[in-house]
Structure formats: C-alpha cells, structure tokens
Amino acid sequence: MKSFTSWIRKREQLLLGTLGIILVIAVWQLISDLRLINPFFISSPSQILKTAFNQTVNGDLLEDFWITVVEFVVAFALSVVLGITIGLLMGLFKRVEYTIDPFLWFLYSTPVIALYPVLIIWLGLGFATVVTLGVLFTITPIIINTFTGVTQTSPVLIKAAKSFGANRRQILFKIALPSAIPMIVTGLRIGVERTLVGVIVGELFSANAGLGFRISYYGARLQVSSLFVAIVLVIILGLILTQSLRLLEKRLLKWQEF
C-alpha cells in the first residue's frame, strides 16, 4: 500500500493533468450530446475522432502533418545555425556586435507578420515564404541568448586560456561556447515555440498544404470537426517538440549537477 501511495505521489502531476483533460473531453461530449450549445459550432470529441480517422485513411491528414514537420525542421535548423553563429561572433568581436546590433533590434521590435506582404512579393506563395517566416520569428531570441551567454563567460577563464597560449578558435570552442550553453538552450526552448508559430502563420496565409493551411481552409468553410482535427494536431506537435527539447536540455546541462 505504501509503495502504491509513493508511486501515485511521484506521478501526481501527470495523473492530475490527464484526469483534467479527460474531464474536459467528457464535459464537451456531454454538452454536444445534450445540445446545450449547437454542435455545429463546437462539434464533439467523438465526431472529431471520426473525422480524424477518415482523413488518416485517405492520406490527407498525414500528408499535411509531414509538410508542416518538414517546414518546421528546415526553419528551426536554419535559425539555430544562423542564430548561434551570429550570437557567437557578436559576443567575441565588438565590431560585429556594433554592425549587427541595429538590425537585430529592428527585427526584435518589428511585428514579423508586417513583413508578410514583402515576403510574398519576393518569394511567392509556398515553402520559401513559410520557412522564412519561421526563421524571422525564431532567430532573434537565439542570437540574443547566445550573445548574452558568450558575454557572461568568466574573464578569468579567458585570461587563463590566453596565458597558456590558446588561440581565438580554442577560446571559442573550449571556453566561450561551453559557457554559453545554458543561455543557448534557453534560446532554443523559446525558438521551438516561435518556429512553430511562424510556420503555422505562414501556412495560414501563404500555403496550399500543411496544418496551418487546413486550419484556414476548414475555418473559412465552417467545417468545425475538420478544423479541430488540424488544431489538435498542431497542439500535439507542439507538445512533442517542447518535451523533446526539455529532454535535450536536461542532457546538455547534466554537467551542472556535478
């Protein structure tokens, strides 16, 4: 009995969270069945599940899901490579910092979606615009967090490395980068969410495939069940991405426990 109680306490957050979700779904189904709210506007969990099954069988759902995943991966990868590289260079070289800083704060202060018409003119509808929006939504926090992490590197460590004859490359990869990892990981955690937002926004306005496009398409046609299928998939994708990054964060920062 004691071991069972201990097991429950260890998983209390997960169990209560799951119970809360089940309760909301049950109440939603009941409201729809009793027609307390017109099912046309809210659908029902059972109808959404049936719609998801039908879309999975005909292949539309999986195709849209993988298109969004590919666009996310490309946008996030570009943001990580560019963001960390620029952040490191800004942290190590004052002239690079002074040159890039105005553009960085311009991008940080500007609502990215305001650039959407320009991107459409330059890149057209589709993959390139969606990925570019994802990068623009994401790259700023990665650059800022990387830059902050590098500038917070202990000067004592850098002086010690230089006294032993370390060159700039060795200081970068042996001292600055490892020291900046906690801040970089924080930037990546913010970036994951922002990339997904950017990709979905891009698909809403400038794509003919993907989950964002489906949300726009079904919403315009008042197909509520299909709309909720796409929304739930976006939520599931977001949960998978954020939890995966949390596991990566624990792995990367494990050395701090010692």
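The model is predicted, with local features needing pLDDT of at least 70 and side-chain atom pairs counting only at pLDDT 80 or more, while totals for chains, interfaces and linings use all residues. Residues are numbered from 1 along each chain as its sequence is written, and side-chain values use heavy atoms, with hydrogens and water left out.

**Exercise 1.** Work out what length helix α2 should span, and compare it with the distance between its end C-alpha atoms.

*Solution.* Helices are DSSP runs of H or I with at least four residues, numbered from the N terminus. The expected span is 1.5 Å times one less than the number of residues, so the 22 residues of α2 (residues 12–33) should span 32 Å. The end C-alpha atoms of α2 are 31 Å apart, which agrees.

**Exercise 2.** Describe the interface between domain 1 and domain 2 by its buried area and its contacts.

*Solution.* Begin with the bounds, which come from an automatic or database domain assignment: domain 1 covers 2–42 and domain 2 covers 45–252. Next, count contacts, meaning heavy atoms within 4.5 Å; 6 residues of domain 1 touch 6 residues of domain 2. Then take the buried area, the accessible area (1.4 Å probe) that two parts lose on being put together, summed over both; here that area is about 530 Å², with 73% of it on carbon and sulfur atoms. On the side of domain 1, W28, Q29 and F40 lose the most area, together 75% of what that side buries.

Technical notes:
Helix = DSSP H or I, 4+ residues; strand = E, 2+ residues; numbered from the N terminus.
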